[in-house]
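User: Hi, could you go through this model with me? I would like to take it slowly, starting with a single residue.
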Amino acid sequence: EFLSEEGGFGFKQAIVQSIVSLMKLVPETTESSLFHLCEFVEDCEYTQLSTATLYVIAELGPKTLRPSRYIRYLFNRVILENAVIRAAAVSALAKFAASCPSLRVSIVALLKQSKWDEDDEVRDRAMAAVRVLEEAMEMNPYVSPDIDLDHVMNEEEVIQLDIPVQGDLAMLVYGNPSPIPFHKLERSIKAYAATPGKMNNASEVLTFAELPTVDDAVESTDTNAIDHSTINATSQIGLGPAPMEIIEPKIRPDPAAAIYAIPELASLGKVFKSSSPVPLTEDETEYVVRCVKHILDNHVVLQFIIENTVENQRLDNVVVSIESDSELYEIIGDVPVDHIRYGTTGNCFAVLQRNVEETIESVEFTCQLNFTVVPIDPGTDDPSAGEYKEEYPLEGIVIASSDFMAKFPAADFRQAWNESNNDNEVLDTFSLQFRDLDVVVPAVVDFLGMTPCDGTGQLPVNVSGLTQHMLHLSGKFVSGDIVLVRAQLTMQAGSTSLKVAIRSENADVSRVIANCIR
């Protein structure tokens, strides 16, 4: 009722989010809730909200008892709406056809009407869907089951009668979500292309497994990126970001480009993950130093970004010396920067080789900035006599176990968890000195270096007296193992109890992740 009344974007968005949350918490309301959403898109004046709602219908509609009843609403959008919504509706119809073989013939007939659409995107989506669906029908023709549906008592049995066969082409294209979100895929491909030696073989097949992981922590500093939070209702039930109107994002530089630009460092291999810059000095000091940790398979490269804020002097032969007693790392070299003039920034590097026989753990290094101060004549801007060597102490840098974990979202956490092998599962309980769930939730996410799934990274809104919360986390370890975590947080007197279940393909990796909790 409220959806049909007058209201702004935020008001309608909040209602849609509430409906989606209701379907998540009470699955029995799914069909009636979807009908409300179908009626809503008939008169919705907001393109972003319409496309996001169509995405929800396409994800949940095929799993209902009678998915054919939603086709009329979707095709109406193909006929009556603007190009952005028409494109979303075409994709939604393709998703229904891929998920429900009994509907393919009818939906293909509808999609063919969009092959002459005036918009290129709509036309291309329709033609691609028709081609894929026709090939899928040719490979696996649908045979109606010889059964009276009125005598099937279990709804689940009815749904199981109309599912694609194993390896169905349409499901491979439309039913399986991309392992890398589209807003990261372009950056990942560009990072792959920048890796030395990776683009030499034109016949090489590029797979998702070969692409480097793009971490959220690095890209979060960009304020001009596409805002996927405009409608986050779909992500709260694990459906991923909804389709949006295209907003041209600012190009983000690849943090690993600094490594690949130096042949000696590029020869170490592909960078698995680059951290956000870690400050090693205060911003008001004469030398401002930050550190980026580049994680490779068997090495760690520390990039020190140094800014000279002292007038009338130049820094020469600048290098950061590091020390640690740990046997996990061996310092095998460094790359100094020749000159850093006043008001400019330079990069120097320290290279560590990781002992693969040792268990990964958090290690702290002491750091010291070493350089030669060269006075500069303010009149001529030339070096003057009196240069001298200087040492400048820095804050220590910690290479934590979580630095070897990249944020890698699971398309469907529950499905991934159910399909994972629990032979390597690690169960543990911790007591954390936090008294507020608003603080402990982001702290646990930071400890593990993983990404929240199913909207569990945020606490439910407008819920008072909350004492428990379940976190679903996923990530990819430097070894290539996918890691899944279920973390149960319970508030107690003066502290928080944390129970974690960690699954991966390697028991040692699961234990390393458990040891990240501190």
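User: Is G61 buried or exposed?
Analyst: This is a predicted model, and in it G61 has a relative accessible area of 0%, so G61 counts as buried, the cut-off for that being under 20%.

User: Ok, and where does G61 lie?
Analyst: G61 lies in the loop that runs between α3, residues 47–60, and α4, residues 71–80.

User: Which residues is G61 in contact with?
Analyst: If we leave aside the neighbours within four places in sequence, G61 is in contact with L34, V56, P67, Y70 and F96.

User: How far apart are G61 and K95?
Analyst: In sequence G61 and K95 are 34 residues apart, while in space their C-alpha atoms are 9.6 Å apart.

User: Why does D283 count as exposed?
Analyst: D283 counts as exposed because its relative accessibility is 60%, and the cut-off for exposed is over 50%. As for its place in the chain, D283 lies in the loop between β2 (278–279) and β3 (287–296).

User: Zooming out, how many helices and strands does the protein have?
Analyst: The protein has 16 helices and 16 strands, and buried residues make up 46% of its 518 residues.

User: What about contacts along the chain?
Analyst: Among the contacts in the protein with a separation of 6 or more, 65% are accounted for by residues 24 or more positions apart.

Methods: Residues are numbered from 1 along each chain as its sequence is written. This is a predicted model: local features need pLDDT of at least 70, side-chain atom pairs count only at pLDDT 80 or more; totals for chains, interfaces and linings use all residues. Side-chain values use heavy atoms; hydrogens and water are left out. Helices (H or I, at least four residues) and strands (E, at least two) are DSSP runs, numbered from the N terminus. Buried means under 20% relative accessible area, exposed over 50%, partly exposed in between (1.4 Å probe, protein chains only). Contact means heavy atoms within 4.5 Å.
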